[in-house]
Amino acid sequence: CRVRRGAMTRPVVVSDAGPLIALAGCGQLALLVAVFDAVHVPQMVLDETTADRSRPGANDIAAFVHAHARVHPRRDDAIYAAAIGHLDEGEAQALSLAHALGCGVLMDERRGRQTAMRQGLPLFGVLGVLVQAKRIGRIERVAGALDQMQANGYRISQALVDAALKLAGEAS
């Protein structure tokens, strides 16, 4: 599900909670608008990320989603039913919605990513968003945003961090 804009094709995604939290934590939610043509969010993911407004980033996520994303009601189809047995509610909702819309999913949690790959969904992660944002000139360095995400407690394997820095031309 891609939309042509000049010479650049930008994908459409359904976002899970993790990438929203990570990008809000380093003040980079706007990168989603730069990298993706459209962002869809299941109501459950919005609730998960914004219910406790005292949580860091919750207000930023609510404002971003209100301004730039389309929120979808709860789904209860075969994709959801198959996923809810081994994934959390937000991930199962995101996978179901991505199938329904025929687009990719933005997800970082390992089990959710494995399920998306098995289902043949285009898969995006927060590191890929940062690398693409650097490629299109929206951020100068991937490392700075990564450092801030990790300082906020967002867990990313060192192998993935190293790979992203290498792709961004920032490997030491």
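This is a predicted model: local features need pLDDT of at least 70, side-chain atom pairs count only at pLDDT 80 or more; totals for chains, interfaces and linings use all residues.

Visitor: Okay. How many helices and strands does the chain have?

Guide: The chain has 10 helices and six strands. Its radius of gyration is 15 Å, close to the 16 Å that the globule rule gives for 172 residues, so the chain is as compact as a globular protein of that length.

Visitor: And what does the C-alpha trace span along its principal axes?

Guide: About 45 × 40 × 30 Å.

Visitor: What share of the residues count as buried?

Guide: Of the 172 residues, 45% count as buried. The accessible surface comes to about 8,600 Å², and 51% of that belongs to carbon and sulfur atoms.

Visitor: What about contacts between residues 24 or more positions apart?

Guide: Those make up 61% of the contacts in the chain with a separation of 6 or more.

Visitor: Switching to charges: how far apart are the mean positions of the positive and negative ones?

Guide: They're 7 Å apart, counting 19 positive and 17 negative charges.

Visitor: Now S96. Where is it found?

Guide: S96 is in helix α6, which covers residues 89-101.

Visitor: Is S96 buried or exposed?

Guide: S96 is buried, with a relative accessible area of 0%.

Visitor: So which side chain does the S96 side chain make a polar contact with?

Guide: The side chain of D77, at 2.8 Å. Leaving out residues up to four places away in sequence, S96 touches R75, D77, I79 and Y80.

Visitor: Let's go to helix α1. Which of its residues are buried?

Guide: Helix α1 runs over residues 17-25, and its buried residues are A17, P19, L20, A22, L23 and A24.

Visitor: What happens just after α1?

Guide: G27 takes a positive phi there, about 70°.

Visitor: One more: L127. Which helix does it lie in?

Guide: L127 lies in helix α8, residues 126-135. With a relative accessible area of 12%, L127 counts as buried, because the cut-off for that is under 20%.

Visitor: Which residues does L127 touch?

Guide: Setting aside residues up to four places away in sequence, L127 touches L146, I156, L160, V161 and A164.

Visitor: And how far is L127 from M44?

Guide: L127 and M44 are 23 Å apart in space, C-alpha to C-alpha, and 83 residues apart in sequence.

Conventions
Residues are numbered from 1 along each chain as its sequence is written. Side-chain values use heavy atoms; hydrogens and water are left out. Helices (H or I, at least four residues) and strands (E, at least two) are DSSP runs, numbered from the N terminus. The radius of gyration is taken over C-alpha atoms; the globule rule is 2.2 Å times the number of residues to the power 0.38. Buried means under 20% relative accessible area, exposed over 50%, partly exposed in between (1.4 Å probe, protein chains only). Contact means heavy atoms within 4.5 Å. Accessible areas come from the Shrake-Rupley method with a 1.4 Å probe; for residues, only the protein chains shown count as cover. Lys and Arg count as positive and Asp and Glu as negative; His and the chain ends are not counted. The place of a charge is taken as NZ of Lys, CZ of Arg, CG of Asp or CD of Glu. A polar contact is a pair of N or O atoms within 3.5 Å; within protein, one must be able to donate a hydrogen and the other to accept it, and residues adjacent in sequence count only if both atoms are side-chain atoms.
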